[in-house]
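Dear colleague,

Please find below the structure for your review. My notes on its charged side chains follow.

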Amino acid sequence: EMCIRDRCEGYLADKVTPAKGNFRSLCLKVMEEAGQHKPWFGLEQEYFFMERIGSTGWWPLLWPKGAYPSPQGRYYCSIGSSKAYGRVITEAHLRACITSGLKIAGINAESAPSQWEFQVGIAEGIEAGDHLWLARYLLTRVGEDHNVDITFVPKPITGNWAGSGCHINFSTEETRAENGLEYILQEFLPKLEEAHCEHIEVYGEDNAKRLTGRNETALISVFSFAEGHRGTSIRIPLMTQAVSYTHLRAHETPEHLVCRLLLEKKK
């Protein structure tokens with residue numbers, strides 16, 4: 001049975017001026033202006049399950065209190081209770097998204113224990129950000145049922161542990177056509193490089209703690225791209241070289257704002 005949920009935009013009392021934090025209204029305007037390019041988005045949201053410690057502290061789910069589990073390397077896409085912490089919660093979230101009609105594409109255990117990811121898309125235009133926002137809401141609500149908090153912050157645990165981001169897979173009708181790779185290299189990437197610092201400033205707080213050049217991230221101050229490389233600002237899928245048309249993958253959140261910025265640079 002389908003469950004219906006609505007997302008509502010916030011406006012000031014004049015019913016015309018978008019409220020602070022309403023990036024959707026700006027995103028929708030750009031999506032409508034550039035709709036002929038048929039922008040597709042696939043969004044990959046990483047997050048941690050966190051347990052409360054006392055009234056003010058928290059720590060990743062099932063980690064030793066005040067200590068650390070075995071180093072990273074055994075948790076990514078893992079199975080088994082000694083490695084995959086919280087699968088019952090993430091699968092409950094998957095079912096809630098499917099029941100709600102969201103375009104959720106999958107889930108997987110991530111690099112650190114208690115860290116997971118879900119994917120939304122392929123979705124066209126404004127739908128991508130809408131579905132991701134609602135999926136985050138449902139995840140937080142499902143967490144309540146298990147007495148677990150969800151955090152999307154870029155670096156909840158310091159040290160040699162993975163941070164969390166929201167990777168944006170993006171393509172247009174031009175990049176999906178024949179010779180789309182050449183179009184990406186000549187049209188997209190120079191514009192993204194020029195706007196790199198501008199984009200980083202609005203991609204969310206504390207990204208400097210995660211984008212250090214370590215743990216499969218790019219250095220926040222340097223624009224970079226490569227095929228199949230996890231440590232760059234933009235990753236072009238390996239299959240691109242073979243077929244010559246595809247999407248590109250960029251960083252980060254908030255979802256409506258980033259989708260708008262990517263499409264504006266396309267224009």
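By the rule used here, how many salt bridges does the count come to? The count comes to 8, a salt bridge being a side-chain nitrogen of Lys or Arg within 4 Å of a carboxyl oxygen of Asp or Glu. Please note that this is a predicted model, in which local features need pLDDT of at least 70 and side-chain atom pairs count only at pLDDT 80 or more, while totals for chains, interfaces and linings use all residues. Residues are numbered from 1 along each chain as its sequence is written, and side-chain values use heavy atoms, with hydrogens and water left out.

Helices (H or I, at least four residues) and strands (E, at least two) are DSSP runs, numbered from the N terminus. R24 is buried, at 16% relative accessible area, whereas E9 is partly exposed, at 26%; buried means under 20%, exposed over 50%, and partly exposed in between (1.4 Å probe, protein chains only). E9 and R24 also belong to a network of salt bridges with D130.

A second salt bridge joins D149 to R52 (2.7 Å, N to O). D149 is in strand β5 (residues 149–151) and R52 in strand β1 (residues 40–53), so parts 97 residues apart in sequence are tied together.

With kind regards
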